Amino acid sequence: MKRILITGKNSYVGNSFEKWLMHYPDQFHVDKISVRDDTWKVYDFSHYDVILHVAGIAHRKETNENKELYYKVNRDLTYELSKKAKKEGVPHFLFLSSMSVYGVETGVIKKDTIPKPKTNYGKSKLEAEKLLNNLRDKHFRVTIVRPPMIYGKN
């Protein structure tokens with residue numbers, strides 16, 4: 001049985017993913033935690049096979065006042081979580097990034113499209129990706145998913 005920890009206890013993506021996995025109760029066990037405060041720092045990650053990190057700051061009007069919040073949450077928190085996961089022996093860290101890293105508003109994104117984010121959201125996600133890539137090794141896999149806008153019922 002695969003043990004999965006989802007960060008972002010109340011996230012749409014995390015809850016939707018958990019609901020989908022529940023179709024396979026003999027194959028997956030899912031736990032979810034909030035990372036809005038520092039309680040995650042004492043949480044034991046060592047018994048998980050994968051951490052799905054979906055917590056982040058998005059869908060806020062960007063201002064000079066909240067600019068640093070994007071980097072604090074989307075970059076720094078992601079990196080701190082991934083370092084803890086690696087240290088505690090979690091073999092796989094899956095990060096929900098964004099197509100915003102490309103800065104493309106129209107047209108097609110291809111495999112050779114170079115990221116050029118325009119917003120603090122996109123820039124903070126790309127910086128997190130770069131930090132995560134530095135942690136990769138034969139014992140710690142990093143998967144980065146860059147979805148477009150996500151929406152669903154409610």
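Analyst: The radius of gyration is taken here over C-alpha atoms, and the globule rule is 2.2 Å times the number of residues to the power 0.38. For 154 residues, a compact globule would have a radius near 15 Å; the protein has 16 Å, which agrees. This is a predicted model. Its C-alpha trace spans about 45 × 35 × 35 Å along the principal axes.

First, the fold. The protein holds 3 helices and 5 strands. Their order along the sequence is β-α-β-β-α-β-α-β.

Now the part in question. Strand β4 (residues 92-96) runs parallel to strand β5 (residues 141-145), and 5 bridges join them. Between the two strands the chain passes through helix α3 (residues 120-135). This β-α-β crossover is right-handed.

P147 lies in the segment after β5. Is P147 buried or exposed? Its relative accessibility is 16%, and buried means under 20%, so P147 counts as buried. What does P147 touch beyond its sequence neighbours? Leaving out residues up to four places away, its contacts are L96, S97, S98 and M99. Another is S97: its C-alpha atom is 7.1 Å from that of P147, though 50 residues separate the two along the chain.

Buried residues make up 38% of the 154. The largest nonpolar core has 24 residues, and those touching the most other members are V35, W40, F45, I51, L81, A85 and F93. Both β4 and α3 supply at least two residues of this core, as does α2 (67-87). The largest share comes from α2, with 6 residues. W40 shows how such a member is surrounded. Not counting residues up to four places away, W40 touches I33, S34, V35, F45, L77, E80, L81 and K84. A second, separate core has 8 residues, among them I6, L21, V30 and V54.

Last, the surface. The protein exposes about 9800 Å², and carbon and sulfur atoms supply 52% of that area.

Notes:
Residues numbered from 1 in each chain as written. Predicted model: local features only at pLDDT ≥ 70, side-chain atom pairs only at ≥ 80, totals over all residues. Heavy atoms only, no water. Pairing = 2+ DSSP bridges. Helix = DSSP H or I, 4+ residues; strand = E, 2+ residues; numbered from the N terminus. Right-handed = clockwise from strand over helix to strand, strands pointing away. Buried < 20%, exposed > 50% of the residue type's maximum accessible area, 1.4 Å probe, protein only. Areas by Shrake-Rupley, 256 points an atom, 1.4 Å probe, with all protein chains shown as cover. Core = buried A, V, L, I, M, F, W, Y, C linked by side-chain atoms within 4.5 Å. Contact = heavy atoms within 4.5 Å.
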